[in-house]
Amino acid sequence: MRKVLLGHVLRSATILGLSLSAFFSCEEPVDLDLVYPKSKLVISSSFFPDEPVVLRVSATRPRGEATTTPITNAKVTLYEGNELAEELTYDNSKENGTSGAYRTRKFVPEVGQLYTVHVSVPGFDPVTAVSSIPEPVEIRSLEVSGLSQVETGDEMVYDYLLKIDYADPEEETNYYDLRVSQLVIPFTIGPGGDTLRSTPYLKSLSSADSPELTGGSVSMLIQDKGNLDFVEFHLQSRLDPRREMLGRIVAELRTVSPEYFFYHRSLVQPGDLGGPGLEEPVIYFNNVASGLGVFAGYNSVHRDVPLPGN
Amino acid sequence: MRWARLLTALLICITPVLGIRAQSVTPPTLFSLSSGERQLEEVLTELTTAGAPLSYRPDHVERLTIRVTGGTHDLPRWLDELLAGTGLIYELGSAGYLVLPDPRISGREFQLFGMVSDAQSGERLIGATVRLLDGQSGTYSNEYGFYTLRAEGGRASLRITYVGYLPEEIDLLVSSDSLLDISLRPNRQLPQVIVTSSASALGEARYFETGTRIGRMEVAQLGGPAGEDDPLQLARLLPGVTSGADGIGGVLIRGSEAGQNLILLDGVPVYGLSHAGGLLSIFSNQAIRRIDLYKDALPARFGGRIGGVLDVHTRDGNLYDNEITVGSSLLSGQLSAEGPIKTGASSFLISGRYLWASSLLQRFSEAYKEERGRSGSTDYDVYDVNLKLNQKAGERGRIYFSLYSGLDDYRNDSWQSRTMVAPSDAGTVFVYQTPSYRSEQVRWGNTVGALRYNHVFSDRTFGNFRLSYSDLKTSSSFERYDSILERSNAIYEGDLLSGQYFSQIRQVGVAFDGQHSPAPSTVVRFGLEANAHRFLPQLMTAEGKVSEYPEPNRDDALRPVELTAYSSYGSKWRSLYYRLGLRATLWNASDKAYFNLSPRILLAGPFSPTLDWQLSYDRTVQSVHLLNSFVIGFPSDLWVPSTNSIAPARSSQYAGKLSWQPLEEWVMTGSLYYKRMNGLVAYSEGRQSPLTWIDNLSRGTGRAYGLELMAQRSRGRLRGWVNYTLARSQRTFDRRINQGRTFPFRYDRRHAFNLLVIYQLGDRTTLTGSWRYETGLAYSLSVATRNNPAGEGPTDVPVVTERNGFRMPDNHRLDLNLHTILSATGSRFTHAIDLGVYNVYNRHNPVYYDIRPEYTVEDGSLVSHEQFYRIFIAPVLPSLSYHLTFGSPATPVFGR
């Protein structure tokens with residue numbers, strides 16, 4: 001009798017203990033009794049001097065619902081100061097890469113002007129947003145140092161430091177988006193042994209301290225110049241030496257509006273640390289009154305440099 | 001009455017003289033007394049009745065007990081014997097012999113000092129009250145058991161009290177500065193439960209005892225999950241103390257982060273507090289003597305954190321008898337052994353805990369996952385070990401060595417794939433698979449060691465020297481992917497995401513703590529400390545496998561040094577008790593040095609005999625920062641030091657308290673506090689770049705304020721407390737968190753209500769019930785989606801417009817525990833049994849919500865939707881534990 005009782009207790013104890021030990025294993029599907037907020041308009045536009053203003057319009061929707069389609073019946077108006085600049089029209093053509101967006105036909109923005117966009121759609125609260133285009137800032141120098149190359153398997157890895165100096169005006173606060181990319185020249189060997197070069201293209205860069213970075217370029221958002229004389233990237237270019245040759249390193253210095261800066265700084269992928277429920281989600285910057293999204297201007301200059309010996 | 005006795009004595013003195021004159025008879029020169037223990041007053045009366053020419057003041061001799069050898073002697077010989085050690089002398093005058101106080105000690109002040117310890121085990125008792133019965137002056141033993149007390153020369157009565165021990169009264173003659181070591185006997189009858197300062201328990205020492213005491217006896221009575229006693233379970237029932245659901249997330253005090261609490265294990269800072277993410281603390285009740293929890297009015301000797309203080313003292317080990325305890329709960333097995341190395345001079349204590357359930361967890365978890373259509377398993381190993389040695393070093397010194405080491409090793413893999421067939425209208429059949437994979441590995445371990453030497457330098461001065469070592473290593477990684485595979489055309493879509501954290505913080509230090517009592521009711525505490533740190537935080541995330549990550553670069557270690565000096569002066573002016581403290585800290589990182597001063601002020605006193613008030617101001621500085629990455633406080637948290645780019649965090653707290661003791665056993669307290677925090681550091685939102693995460697930390701401020709009310713009954717068959725907290729805690733960071741807007745702290749519990757009831761069913765049996773209710777966590781939950789503004793990734797992303805803008809359901813739980821101790825009279829075996837129910841009404845308090853994609857076939861197409869899952873700790877569970885102690889026979893007072 002004692003043995004039976006003891007055995008029963010131990011079995012029960014084991015099960016109970018284990019169920020507690022597996023402390024993240026207790027789970028159950030739930031329907032949260034949530035009050036879904038009214039859908040809001042979401043707009044997105046980054047505009048550049050002397051280029052048409054392009055703006056996309058969509059809306060939020062309760063979680064779990066199907067992906068929304070772009071809103072095509074919006075009335076989008078752009079103001080320069082207090083003057084109406086142009087009403088944007090919906091572009092459904094596939095010629096200029098702005099399909100599914102609203103764009104100006106004639107009007108192009110300029111540096112230093114204040115622009116206001118107003119979007120209204122039946123069934124939604126109308127939204128407005130304001131931004132401008134800052135002055136460009138010159139890249140003073142672009143320098144590659146510490147180049148080394150290692151062959152790993154089928155890849156040739158070029159490891160180097162890229163120093164960039166730019167003429168940041170000290171008397172004012174400026175925001176930058178500094179982007180670095182790698183041009184690669186594809187080639188083939190002809191039947192006669194000639195090297196036939198094709199059109200260069202941009203290839204992903206990676207950092208020596210990270211297995212992989214997303215995107216085709218390395219981007220860094222900088223406020224002023226910090227305390228540094230120059231900005232330095234530690235980069236790696238990975239090429240297939242049988243098909244690719246190193247081209248030039250291209251640096252693009254975007255002088256951006258605060259809206260652009262803070263929006264892009266918040267523009268990182270949510271839900272990528274530990275999975276849903278555990279990570280702190282990104283609260284996207286928002287300069288759209290009564291809605292969500294961004295309307296932001298920026299300027300840009302480019303400069304490139306070859307890798308030493310290439 | 002006093003006058004009547006005086007008159008009688010005078011008559012007795014005068015009568016022989018009158019008789020001499022009247023009868024002119026030669027007075028006797030020899031006097032006979034019987035032997036035995038007798039009252040001095042009675043013996044002197046007998047002598048005068050027998051004709052001895054003797055006079056004295058009765059109030060000088062009352063209540064004095066002496067031992068009489070018996071026989072026949074002349075009067076001087078008797079007086080020599082009778083007055084020895086009483087502080088009285090005699091003089092021969094014209095009217096005969098006069099007994100009077102010794103002028104060499106009367107009117108002078110002397111110092112009593114020594115150690116207070118447990119009479120059975122020799123353990124030093126912390127916070128024992130030592131009071132002079134004739135006056136109001138008193139003191140309490142410090143964290144090493146040392147006390148020092150000023151007393152007037154002459155006879156004195158001392159009363160020594162300590163929670164859970166029989167009060168001791170000592171009559172003594174104070175004739176010089178004296179070392180007086182005091183031993184108290186445990187009283188297991190109706191042990192007093194916690195532990196806020198009260199007049200009856202502490203006397204005037206209560207004005208300086210600003211901590212809340214958590215003893216192992218109360219912890220044992222409360223029980224814990226699966227029968228696992230945990231001191232922090234009790235701490236979380238105090239007002240102003242909270243955690244995540246069911247303890248997950250550690251201990252949070254008055255709106256501070258878990259990493260902002262100073263946790264000291266025998267004086268050494270501990271950086272990792274939890275096993276199992278906070279479900280259990282690292283403090284085994286077998287090894288812990290007591291914990292003092294401070295929320296405000298911090299003594300100046302505490303510093304380095306801006307939250308509360310948990311000062312944990314381990315047991316020393318029995319100096320007189322060997323004891324072995326074996327036991328088990330539903331979670332772990334425990335073994336502890338203690339005893340003298342040299343009786344009365346040195347002892348040892350070793351205790352260990354192993355999560356035996358972990359060895360079976362793998363099989364259980366496989367079955368659990370299989371039931372839910374997944375494969376994979378969970379492995380989890382936990383152990384901790386405590387070792388303590390102590391050795392008497394001369395008459396006034398003692399050496400202690402303590403060591404703690406613990407490890408958690410957790411691994412969880414889960415793989416699931418569903419196959420769905422979706423025929424199209426044209427009859428084409430598409431076969432989809434939705435493989436989903438989760439893998440987490442977490443390993444963390446603490447090692448804490450201290451070598452201490454206590455020395456009583458003089459009757460007023462005590463010192464403690466300490467060498468310390470503290471180390472926390474954590475490494476964790478995860479991989480997860482959710483994908484969809486259309487098998488017919490081999491179309492694959494999926495995202496593999498991974499991250500790896502590695503953190504090491506090591507601290508090696510040397511310190512001196514001193515105490516000096518220059519005047520009555522005055523204590524000066526002072527100390528110096530130097531600590532060398534080594535930090536190695538590493539964080540990597542990528543869209544690739546963890547196995548492809550590079551090894552952590554050991555050359556990136558940061559090695560700051562911290563120098564600290566502190567002093568405090570506690571004294572009394574009329575009815576105002578005050579303690580003024582100052583702590584100076586120099587934090588020297590390689591690229592930057594920070595110097596900070598932290599003043600502390602405590603003012604307290606009585607409004608009336610039953611009503612006390614207290615005001616305090618505490619400024620604190622924290623040079624090490626804990627970065628929490630997960631809601632659950634998983635030890636993927638990284639500790640980073642203050643550097644050129646990260647300044648130390650600072651906090652100022654203003655607090656006030658009223659304590660009312662309407663009846664002997666009841667204490668009611670009401671507290672208000674306001675705390676401001678600056679220099680807080682947190683991860684910026686979003687993915688952390690391996691290159692720049694430490695440079696992109698967000699800085700911010702916080703504030704917390706609240707009201708705490710508590711009623712406590714500390715004696716009687718029904719004991720416990722009820723408390724209510726109304727609080728708010730907010731944070732404001734730069735624009736990289738919540739776009740710079742103020743948001744509620746995750747553990748911002750607006751309302752909290754705790755009830756603890758301990759009912760004494762019998763001499764050895766208690767039934768304990770605890771109920772806790774708290775406002776739900778503030779949580780960043782998305783209820784809407786929008787198109788993904790990023791150029792890559794999923795089409796839609798969750799919309800969260802306000803950090804911690806969603807409130808989880810309220811958190812509440814009822815636990816019951818029956819605790820009994822069985823032991824036959826004279827037996828060397830003691831059985832402690834706990835039987836209880838955890839989460840009695842099966843409340844599923846969410847730790848967090850997981851949102852998972854789920855796929856169904858609708859109208860011939862594969863449709864995905866998101867399903868919320870509530871993750872919670874445990875349903876209703878019985879709890880059971882048993883401990884068998886083999887040692888010295890139970891004490892006579894046991895169970896009475």
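Which residue in E13(B) is the bridge partner of Leu158(B)? The partner is Ile170(B), and the points below place this pair in its setting.

1. The model is a predicted one, in which local features need pLDDT of at least 70 and side-chain atom pairs count only at pLDDT 80 or more, whereas totals for chains, interfaces and linings use all residues. Residues are numbered from 1 along each chain as its sequence is written, while chains are lettered from A and ligands numbered from 1 in the order in which they are written.

2. Leu158(B) faces E13(B) from strand E12 (residues 154–161) of chain B, which is joined to E13(B) by seven bridges and runs antiparallel with that strand. Strands (E, at least two residues) and helices (H or I, at least four) are DSSP runs, numbered from the N terminus, and two strands pair if DSSP finds at least two bridges between them.

3. E12 and E13 belong to an open sheet of four strands in chain B, ordered E10-E9-E12-E13 with antiparallel pairing. Its edges are strand E10 (138–140) and strand E13 (168–174) of chain B, each of which pairs on one side only. On average, with direction ignored, neighbouring strands of this sheet are turned by 20 degrees against each other, where the axes are lines fitted to C-alpha atoms and angles run from 0 to 180 degrees between N-to-C directions.

4. Helix H4 (residues 75–83) of chain B has Leu75(B), Trp78(B), Leu79(B), Leu82(B) and Leu83(B) as buried residues. These lie on the same side of H4(B) because they cover an arc of only 110 degrees around the axis, the arc being that of the directions from the helix axis to the C-beta atoms. Pro76(B) and Asp80(B), on the other side of H4(B), are exposed. A residue is buried if 20 or more other C-beta atoms, placed from the backbone, lie within 10 Å of its own, exposed if 12 or fewer do, and partly exposed in between.

5. The buried residues of H4(B) pack against several elements of chain B, including helix H2 (40–49) and strand E6 (88–93). Just after H4(B), Gly85(B) takes a positive phi of about 75 degrees.

6. In chain A, which has two helices and 20 strands, strand E5 (residues 75–80) is joined by six bridges to strand E8 (residues 114–120), running antiparallel, and Leu78(A) has Val117(A) in E8(A) as its bridge partner. Five bridges join E5(A) to strand E6 (residues 83–91) of chain A, also antiparallel, with Glu80(A) opposite Glu83(A). The hairpin of E5(A) and E6(A) has two residues between the strands, and Gly81(A) there takes a positive phi near 65 degrees.

Conventions:
Contact = placed C-beta atoms within 7 Å.
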